[in-house]
Amino acid sequence: MLMGSAAAVIAYLLGSIPFGLLVVRLLTGADVRASGSGNIGATNVLRTTGPLAGVLTLLLDLAKGFLSVWLASFMTGGSELWMSAAALAVMLGHVFPVWLQFRGGKAVATCTGAFLYLAPVPLLGVAILFVVLVWSTRYLSLGSVIAAGLLPVACFLILHPEWPLLIASLGSAVLVIWRHKDNLSRIRTGTENIFQFRRTVQ
């Protein structure tokens, strides 16, 4: 119990590290929150700062998700309960970072990193769907929402998991979809940004 709780706290603190903010500040001296959508995630970093910063942010946000669940596994002897708790905790840290007055990102990359360790096969399935959707629609947000929404379904159908993993996947889906509510509104009005692998905000 003690080690599991410690792992969850560590996961939240790791999730709270605002890599997008740090990468942009290191490379340009700017505050990414003052540009584009104001988000600290990889998509806004890409649009405002360029591919190098965007890819670095993506990889670091993936890594903190993966590391958090790996640490929980190491600290608890592979407890699915605490690994699942760590997956949710690292996402909550990214969305509500203690260092940024609880105003963070949308947790897509962090969720991906966490489930890369926790449920790699279901994640692969929804990742393929994500790529197809983004390629066909050019909307990263739509791909993220649909992939997140289907993650619990994929986990259930492929793994038949115990309740902790199922709750973690459901919670992750709800969090990602909720964080994209403004994007969904813009898709409906035709004002959502399309994906381009280059800087688009001057």
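This is a predicted model: local features need pLDDT of at least 70, side-chain atom pairs count only at pLDDT 80 or more; totals for chains, interfaces and linings use all residues.
**Entry 1: cysteines.** I began with Cys111, whose sulfur lies 9.1 Å from the closest cysteine sulfur, in Cys155, and that is too far for a bond. The rule I used takes a disulfide as a pair of cysteine sulfur atoms within 2.5 Å. By this rule I counted 0 disulfides. I then asked about burial, where buried means under 20% relative accessible area, exposed means over 50%, and partly exposed is in between (1.4 Å probe, protein chains only). Cys111 is buried at 8% relative accessibility, and Cys155 is buried at 0%.

Residues are numbered from 1 along each chain as its sequence is written, and side-chain values use heavy atoms, with hydrogens and water left out.

**Entry 2: aromatic pairs.** I searched the whole structure and got 3 aromatic pairs. Trp70 and Phe74 make a stacked one, 5.5 Å centre to centre with 10° between the planes. For the terms: rings of Phe, Tyr and Trp (its six-membered ring) pair if their centres lie within 6.5 Å, and planes under 30 degrees apart are stacked, over 60 edge-to-face, and the rest tilted. Both residues sit in helix 4 (residues 51-76), 4 residues apart, or about one turn of the helix. Helices here are DSSP runs (H or I, at least four residues), numbered from the N terminus. Trp70 is partly exposed at 37%, whereas Phe74 is exposed at 62%.

I also looked at Phe96 and Trp178, a tilted pair at 6.1 Å centre to centre and 35° between the planes. Phe96 is in the loop between helix 5 (80-95) and helix 6 (108-118) and Trp178 is in helix 9 (residues 163-179), so this pair ties together parts 82 residues apart in sequence. Phe96 is partly exposed at 29%, and Trp178 is partly exposed at 40%.

**Entry 3: positive phi.** Which residues other than glycine did I note with a positive phi? Ala107 is one of them, with phi near 75°. Ala107 lies in the loop between helix 5 and helix 6 and is buried, at 2% relative accessible area. Arg138 also has a positive phi, about 70°, although it is not a glycine. I found Arg138 in the loop between helix 7 (120-137) and helix 8 (140-159), and it is partly exposed at 37%.

Conventions
Helices (H or I, at least four residues) and strands (E, at least two) are DSSP runs, numbered from the N terminus.
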